Amino acid sequence: YHAALVMTSNYTVALYAAGQRLLASLGADPSAADSALLALLDATAANIRARGIPGALTGPLLRGAYLALAQLTLPLVEASGVDITPIQALLHQKETP
């Protein structure tokens, strides 16, 4: 019970801090970064309330955009001398339900 609550509360704070650091490394104004992150957290909580899990998932990962980007990157990986066969197998496995 306690571990579940710690994960939900404290690790959310840790992920928020990681987002702050990433935005700061990109030169974002700290106040603007906090506004964006807090709005995102509010929207996430609202999506969980309204849609539940996993319905609250959004973004490029859910839409498969990262898979598409990985596939576009494969020729570059192969050109660098890496055997892409295992990567292709993994990507193909993720494409088929």
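User: Let's start with threonine 85. Which helix is it found in?

Analyst: In this predicted model, threonine 85 belongs to helix α4, which covers residues 85-95.

User: And how do I read its accessibility: buried, partly exposed or exposed?

Analyst: The general idea is a scale with two cut-offs: under 20% relative accessible area is buried, over 50% is exposed, and partly exposed is in between. Threonine 85 comes out at 49%, so it counts as partly exposed.

User: How far apart are threonine 85 and leucine 74 in space?

Analyst: Here you compare two separations. Along the sequence, threonine 85 and leucine 74 are eleven residues apart, while their C-alpha atoms are 9.8 Å apart.

User: Now leucine 61. Where does it sit, and why does it count as exposed?

Analyst: Leucine 61 is in the loop that runs between α2 (30-51) and α3 (65-79). The cut-off for exposed is over 50%, and leucine 61 counts as exposed because its relative accessibility is 64%.

User: What about pockets? What volume does the largest one have?

Analyst: The largest pocket has a volume of about 540 Å³. Its lining has 17 residues, with Thr12, Leu15, Leu40, Leu41 and Thr44 nearest the centre. α1 (2-25) and α2 are the elements giving two or more residues to that lining, and α2 gives the most, eight.

User: How does the lining split by class?

Analyst: Twelve lining residues are nonpolar and five are polar, with no charged ones.

Methods: Residues numbered from 1 in each chain as written. Predicted model: local features only at pLDDT ≥ 70, side-chain atom pairs only at ≥ 80, totals over all residues. Heavy atoms only, no water. Helix = DSSP H or I, 4+ residues; strand = E, 2+ residues; numbered from the N terminus. Buried < 20%, exposed > 50% of the residue type's maximum accessible area, 1.4 Å probe, protein only. 1 Å grid on protein atoms, 1.4 Å probe; cavity = no way out; pocket = protein on both sides within 12 Å on 5 of 7 lines; lining within 4 Å. Points joined across faces, edges and corners; volume = space filled by probe spheres on them. Nonpolar A, V, L, I, M, F, W, Y, C, P; charged D, E, K, R; others polar.
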